[in-house]
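Colleague: I would like to learn how to read a model of this kind, feature by feature. Could we begin with the way its parts meet, and then turn to confidence, cores and strands?

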Amino acid sequence: MMKRMMVGVLGAIVLCMGMVCTVKAAEEGGKATLDNLQAAFNGESNAKARYEAFAAKADEEGYKSVASLFRAAAKSEGIHAIKHGVMIKKLKAEPKATIEKPDIKSTKENLEASIKGETAEKDSMYPAFIKQAEADKNSGAALTFKGAMAAEVEHAKLYSQALKELDSWKAAGKEFLVCQICGFTTMDMGMKQCPVCAAPRAKFDAVK
Amino acid sequence: MKKFGWLVLLASQFAVVTGFWAYDHVNHPMGNLLTGEPVGQYLAYGRLAGLLAVLLILFQLMLIGRVKWLEQTFGLDRMANLHHFIGFGIVVFLVAHPLLVTMGHSMQAGTGFLDQYIDFCRNWEDVLAAVIGIAIMAVAIFFSILVLKKWVKYEVWYYSHLPFYVAILLAFGHQFEVGSDFTGNRYFAGYWYAIYAFTFANLIHYRFLRPVIFYLRHRFKIEKIVQESGDVTSVYIEGRNMEFFPVEAGQFMIVRFWTKGFRWEAHPFSMSFCPDGKRIRLSIKALGDFTRRIPRLKPGTPVFIDGPHGVFISSRCKTSKVLLVAGGIGITPIRALSEEMSAKKLDVILIYANRNRAAIVFEKELDDLVKASEGRLKVIHILSEDPEWNGEKGRLDMGKIQRLVPDFLERDIYLCGPPLMMKIMLKTFAGIKVPKSSIHFEKFAL
């Protein structure tokens with residue numbers, strides 16, 4: 001019985017180790033994927049800078065809760081940039097970004113531009129990047145693209161909500177949670193766990 | 001049919017859990033985790049291992065919870081055997097769950113395995129409690145191996161198993177706090193609460209409350225202690241309203257004598273005469289430390305009875321002719337059944353195997369039952385090591401059964417005896433295609 005149990009336990013460990021090796025093997029490169037990672041790194045880094053500028057503008061115009069949302073989204077984009085950067089380094093390259101000066105307009109227009117940007121990322125850019133990463137058998141890159149895409153979906157929803165209820169978003173008080181692991185952003189303060197990466201509440205940063 | 005129904009119900013629980021799990025992971029915000037990146041598969045299968053481990057543990061509690069409605073269908077001994085078997089299988093899931101989930105999260109967060117594990121314990125709600133819970137379970141399973149190897153006493157195993165309940169409670173919290181299957185799906189969470197509540201309600205009722213209720217209702221106490229032949233002692237137990245104590249001939253009960261030197265151990269014993277509505281009698285052979293102390297028990301000692309248990313009963317008999325086969329102390333339930341079956345006017349032949357005449361228990365009682373049965377009960381003693389015996393000699397084998405009971409294939413067969421005898425007889429009957437439904441037996445060791 002002892003032997004049978006040991007065989008079972010060892011079997012479970014070997015299975016797990018085998019899966020690790022599969023993952024490691026699947027983290028092989030792909031030139032196109034590297035280019036996509038660089039593009040995503042550049043895009044997320046610029047989005048971070050842009051949303052920080054939009055937050056300052058919203059504060060200036062008195063849209064306190066919209067400013068909080070932009071700050072939360074900027075934090076989230078920063079996390080995505082870091083994760084893309086890690087994958088780029090795994091492919092023996094250096095992450096590069098050219099930060100452009102954001103085109104700052106009114107808060108309403110900034111929200112509209114943000115929705116457009118997030119929608120383009122979730123509907124076209126990331127799906128194409130994911131497809132390429134899977135073709136290149138780079139599971140790590142596919143994972144980081146998927147994580148970013150899931151967060152962009154939420155960003156687009158939140159921006160749309162803010163735009164729809166813009167007047168009520170003038171007052172301060174709305175708070176957002178940003179997952180430190182994947183950048184998922186939510187207004188649900190009762191959330192126990194990240195629906196994307198399953199990180200617990202302790203791994204969320206609150207942004208006001 | 002009833003048995004099939006319960007088995008379908010059980011299998012459906014595994015289907016429900018796997019279904020919920022598959023739905024959650026196929027419709028994940030990151031895409032289908034089951035066919036996606038290996039990291040996602042890691043997390044998905046790690047979670048499935050955890051879900052199945054809990055489901056099996058709850059099933060284990062039902063198996064060992066003395067749940068009457070299950071026991072009446074499957075028999076407590078078979079449920080106990082299945083419990084032992086599954087217990088070792090759970091280890092694989094208990095190892096795979098933390099291993100896969102830690103690996104998945106460490107890769108997802110870009111940290112090392114150990115760092116992730118420490119992070120789980122420090123920052124993830126209720127995970128440290130679950131880790132302690134799994135450690136307790138591992139110790140309990142380890143002691144189960146030792147007791148199987150007979151390296152530790154049954155009592156050590158018994159008490160090492162009790163913290164298992166604490167371990168289950170320790171592991172409960174993390175399932176709802178950080179178990180993404182439940183935090184993201186309230187229907188699954190509701191189902192999970194329901195199966196916990198159902199299992200613990202059954203366990204608490206049948207395992208703990210029922211014996212106390214029976215005690216309060218009947219106030220069982222020892223009436224007298226009688227030394228039978230050889231090293232067998234009969235304990236007569238009386239109580240209030242005994243006519244309402246729902247016991248049948250052939251059943252056994254797990255008994256705890258509430259007196260110094262006995263109260264921390266409970267053991268299963270069979271009734272050795274047909275219930276008369278006034279008292280019950282347990283006949284116990286001195287085989288170990290506990291049973292050797294039985295003659296020291298005093299009349300008036302309170303007794304807690306968990307039971308009666310078992311489906312080794314006359315109502316399972318499908319024909320009007322019965323062959324009872326007993327070996328050694330296995331005569332206890334057989335003696336009770338022979339009395340009941342001959343009173344029910346069944347045609348009963350009892351073959352009773354022993355080493356020598358001194359080892360025969362209830363010899364006179366059996367003679368009296370034969371006389372009172374008006375020819376419906378016939379008792380045949382077979383002795384293997386008694387040169388002065390004039391009756392059947394040697395070991396019980398198929399040749400003897402065919403000669404002594406030529407119509408045995410037309411009879412329901414009830415077997416009770418030492419494990420080796422049971423094994424040989426069952427193998428022999430199976431070899432000559434005796435229908436399984438005609439053979440009745442229980443292994444009383446739990």
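Modeller: Let us start with a domain contact: five residues of domain 1 of chain B are in contact with five residues of domain 2 of chain B, where contact means that the C-beta atoms of two residues, placed from the backbone, lie within 7 Å. This is a predicted model, in which local features need pLDDT of at least 70 and side-chain atom pairs count only at pLDDT 80 or more, whereas totals for chains, interfaces and linings use all residues. Residues are numbered from 1 along each chain as its sequence is written, and chains are lettered from A and ligands numbered from 1 in the order in which they are written.

Colleague: Into which domains is chain B divided, and how far apart do the C-alpha centres of domain 1 and domain 2 of chain B lie?

Modeller: Domain bounds come from an automatic or database domain assignment, and for chain B they give domain 1 (2-213), domain 2 (220-309) and domain 3 (314-441). The C-alpha centres of domain 1 and domain 2 of chain B are 36 Å apart.

Colleague: What is the mean pLDDT of chain A, and where is the pLDDT below 50?

Modeller: The pLDDT is the predictor's confidence in each residue, from 0 to 100; for chain A its mean is 88, with 86% of the residues at 70 or more. Residues 23-27 of chain A fall below 50, although this stretch has eleven contacts in the model beyond near neighbours in sequence. Where pLDDT is low, the predicted coordinates should not be read in detail.

Colleague: Which residues have the most contacts inside the largest nonpolar core?

Modeller: In soluble globular proteins, nonpolar side chains tend to be buried together. A nonpolar core here is a set of buried Ala, Val, Leu, Ile, Met, Phe, Trp, Tyr and Cys residues joined through C-beta atoms within 7 Å, and a residue is buried if 20 or more other C-beta atoms lie within 10 Å of its own, exposed if 12 or fewer, and partly exposed in between. The largest such core has 99 residues, and A:Val66, A:Phe70, A:Phe145, A:Cys179 and A:Cys194 have the most contacts inside it. Helix H2 (residues 38-64) of chain B gives the most to this core, with 17 residues. Apart from it lies another core, of 62 residues, including B:Val232 and B:Leu346.

Colleague: How many helices and strands does chain A have, and which residues of strand E1 of chain A lie on each side?

Modeller: Helices (H or I, at least four residues) and strands (E, at least two) are DSSP runs, numbered from the N terminus; chain A has five helices and three strands, and its elements run α-α-α-α-α-β-β-β from the N terminus on. In a regular strand the side chains alternate between the two faces of the sheet. In strand E1 (residues 176-179) of chain A, both faces are covered, with A:Phe176 and A:Val178 on one side, A:Leu177 and A:Cys179 on the other, and all of them buried.

Colleague: Which strands pair with E1(A)?

Modeller: Two strands pair if DSSP finds at least two bridges between them. Four bridges join E1(A) to strand E3 (residues 204-207) of chain A, running antiparallel, and A:Leu177 stands opposite A:Ala206 there. E1(A) also pairs over two bridges, again antiparallel, with strand E2 (residues 185-186) of chain A, where A:Thr185 is opposite A:Val178. The hairpin of E1(A) and E2(A) has five residues between the strands, and A:Gly183 takes a positive phi near 85° in it.
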